[in-house]
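Trainee: I would like to learn how to read features from a model. Could we go through one together?

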Amino acid sequence: MRRPLERYLIRPFLDMRLRNKLFVALGLASVAPLLFFAVYSYETMKNELSRQVYASMATTTDQIGANLKMKLDSYSKVSSSLYLDRRLRDFLSADYTDSSAYIDGYDYLDGVFRNMLVTNSDITSISVYLDNPTLPVDEVYVRRASAADRLTPWYEAAGKAYGNVTFTAMPATNPTDQQVTQGVEERKPSRIVLARLLDNDSLNYPYGILTMDIPESDLYALMAKENRNKDLFIVSDKGVIISARDKAKLNRPLAAFVKGADASGGRTGSFLGQYGGERVYVVYNVIENGWKVVSIVSYDSLLSNVKLAFSRLFTIAIVCILIAIILIYIAARMFTKRIEKLLQITRRIEREDFDVTAGSVSQDEVGRLMFAMTKMAGRMKALINEVYKKEIAKKEAEMNMLQAQINPHFLYNTLASISALAMRSGDERIQSMVTHLAKFYRISLNKGKTIVSLGEELRLTNSYIAIQQLRFNGLLHLHDDIDEAALPYPVVKLVLQPFIENAINHAIWDDDAGLNIILKARIEDVTLVLEVIDDGMGMRPETLQRLIAGMAGDAGGAASETAAGAAGLPGDPGGAASGGYGIRNVDRRIRMTFGDAYGVRIYSWLGIGTTVQLRMPLSGPL
């Protein structure tokens, strides 16, 4: 029984394409036409009702937005007529020191402003705030900006708009009768303040700020007739309510009342939110200056009839849903086992275990993916081995090349010294120099090894110093402070000699005092620290920075060292490496051998000396 079942049912199903499996499972789940009809009917009615409500609300908000834009544009045109009035500008910006000519100007200003207020009855006041100390102000049309005025939102907005029109919502003011009588503060309702800089045709020289007060009630009149069965708001670009039926909500954030606001930033849109403790449908429209017209209706009341019709089919629908859940669970269970197997293979590959097998696989997409994963693991293993071996060979070749670059350079200098001594006269120092040279090359060549113990490196360095002491005849003084426990640990060959050579060639500045060089070796935790310290000329800060920057990169490092050597700057330890060797060579060899956490550090002070620190791990090469 099991074999025929597996042959005629399970195996064909496993070998089907994944799309067909989903189709079969979901098709079996849709055995109840009534469920389909109920869901389809509910969604259709809900979507159609939502579409109609959205269309109605969108039309309302669009119309209110268009009317609002027209009204704001009309205010902007009124301000533009005053902004472009040259006679008004000349009157407000003129110097009236020892002059009473402002009287004629006030006659003109009174006529213009009164005419504006008469022809635009929805503007309650027009004022200009000036900084002209020579013009007397009437505190009606012409005012001086007080400290409190300068802190108001409209004043700050006008200052940042560079002459453009700004609209700022301001709350109602309710001063005491005494304050009104004394002229300390005016009693004003909630209003919109239009403000713009009067800049005398130059943004750098504003001569005042023009303001117009527009009552909030004038804006609310645009939507008063549409406020039945819905709440309408005009909201600023910062989300603050500018106009609404409930005046207690003015100048407060809309988000304080409507939760779940949409943050998409589109020009129009809608979303579901919470308002007054119930779910609501919100539609908004954004006009050009960033203000929004927001319309809110109760969402639950809209769907009440739809929910009533749908509840009658709920019992049958729940039965169909249970059947669908069972079928989908069975199908998901079958897929999950094989996907878990694929996940196990993936995790083994992630842990760099490439010896994976897929076992018996089906011919559908999951089975083919499992087979491809095992093939890829084998291919990755082969490629890693191939690339790893090539990289090792490449690094060994590069290190051997870098090691070989130092020897001809030193050989040339040493032979030049021997030749110079031989030409002057016969001297036993020549024999001593040749002996030390032989020791130096016997250790440095060392059968091609690039790693030696610190003790061998110090013997090689001492041979080199002995040669140089013969050459400079008493000018070179060597001191050492070596921790004997550090002698057996491995170092890269020829890491000390280049720095001693640089110190000899570039740090001696007093032929009488000579040069003192101190070699130090110590152990810090798991790190071997070597130091070469001289009391020579030292380096200028810019030379040191150029040298450090040169070591920081590969191509950049070589260029920096070459530039330093070519410049011939006093106290430049990179001069000895101007041919592409030296400090950068040593630093690269240490990093290649032990890792990027190790290498060369340089500290130098002009007129005091230079310290070179080399850090290598006690554990040896990578």
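**Reading the contacts, cores and salt bridges**

Mentor: Start with Ser127. Leaving aside its neighbours within four places in sequence, Ser127 is in contact with Val140, Tyr141, Arg143, Ile209, Leu210 and Thr211. Contact means heavy atoms within 4.5 Å. Note that this is a predicted model: local features need pLDDT of at least 70, side-chain atom pairs count only at pLDDT 80 or more, and totals for chains, interfaces and linings use all residues. Residues are numbered from 1 along each chain as its sequence is written, and side-chain values use heavy atoms, with hydrogens and water left out.

Trainee: Is Ser127 buried or exposed?

Mentor: Buried means under 20% relative accessible area, exposed over 50%, and partly exposed in between (1.4 Å probe, protein chains only). Ser127 has 4% relative accessibility, so it counts as buried. It is found in strand S1 (residues 125–130). Helices (H or I, at least four residues) and strands (E, at least two) are DSSP runs, numbered from the N terminus.

Trainee: Which backbone atom lies 3.0 Å from a polar atom of the Ser127 side chain?

Mentor: The backbone oxygen of Val140. A polar contact is a pair of N or O atoms within 3.5 Å; within protein, one must be able to donate a hydrogen and the other to accept it, and residues adjacent in sequence count only if both atoms are side-chain atoms.

Trainee: Where can I see another serine with polar contacts?

Mentor: Look at Ser604, in strand S17 (residues 599–605). Ser604 is buried, with a relative accessible area of 9%. A polar atom of its side chain lies 2.8 Å from the backbone nitrogen of Met539. The Ser604 side chain also makes a polar contact with the side chain of Thr610, at 2.9 Å. Leaving aside neighbours within four places in sequence, Ser604 is in contact with Gly538, Met539, Leu544, Gly609 and Thr610.

Trainee: What about backbone angles? Which residues other than glycine have positive phi?

Mentor: Glu139 is one of them, with phi near 60°. Glu139 sits in the loop between S1 and strand S2 (142–144). Leu494 also has a positive phi, near 65°. Its place is in the loop between strand S14 (490–492) and H16.

Trainee: How do the two compare in cover?

Mentor: Glu139 is partly exposed, at 43% relative accessible area. Leu494 counts as buried, at 0%.

Trainee: How many residues of H16 are buried?

Mentor: Eight of the 10 residues in H16 (residues 497–506) are buried, and the helix is mostly covered. Among them are Pro498, Phe499, Ile500 and Ile504.

Trainee: How do I read a nonpolar core?

Mentor: A nonpolar core is a set of buried Ala, Val, Leu, Ile, Met, Phe, Trp, Tyr and Cys residues joined through side-chain atoms within 4.5 Å. The largest here has 40 residues, and those with the most contacts inside it are Leu530, Ile590, Val600, Ile602 and Leu614. Its largest share, five residues, comes from helix H15 (residues 454–472). Apart from it lies another core, of 39 residues, among them Leu72, Ile123, Leu198 and Ile214.

Trainee: What does Ile590 touch?

Mentor: Not counting residues up to four places away in sequence, Ile590 touches Val492, Val495, Gly595, Tyr598, Gly599, Val600, Leu614, Arg615 and Met616.

Trainee: Now the charges. How many salt bridges are there?

Mentor: Side chains of opposite charge can pair when their charged atoms come close. A salt bridge is a side-chain nitrogen of Lys or Arg within 4 Å of a carboxyl oxygen of Asp or Glu. The structure holds 15 of them. One joins Asp73 and Lys69 (2.9 Å, N to O). Both lie in helix H3 (residues 33–83), four residues apart, about one turn of the helix.

Trainee: Why does the pair of Lys71 and Asp218 tie together separate parts?

Mentor: Their side chains meet in a salt bridge (3.4 Å, N to O). Lys71 lies in helix H3 and Asp218 in helix H9 (residues 216–220), so the pair ties together parts that are 147 residues apart in sequence.

Trainee: Which residues are linked in a network of salt bridges?

Mentor: Arg522, Glu524, Glu531 and Arg615. Within it, the closest N and O atoms of Glu524 and Arg615 are 3.4 Å apart. Glu524 is partly exposed, at 28% relative accessible area, whereas Arg615 is buried, at 16%.
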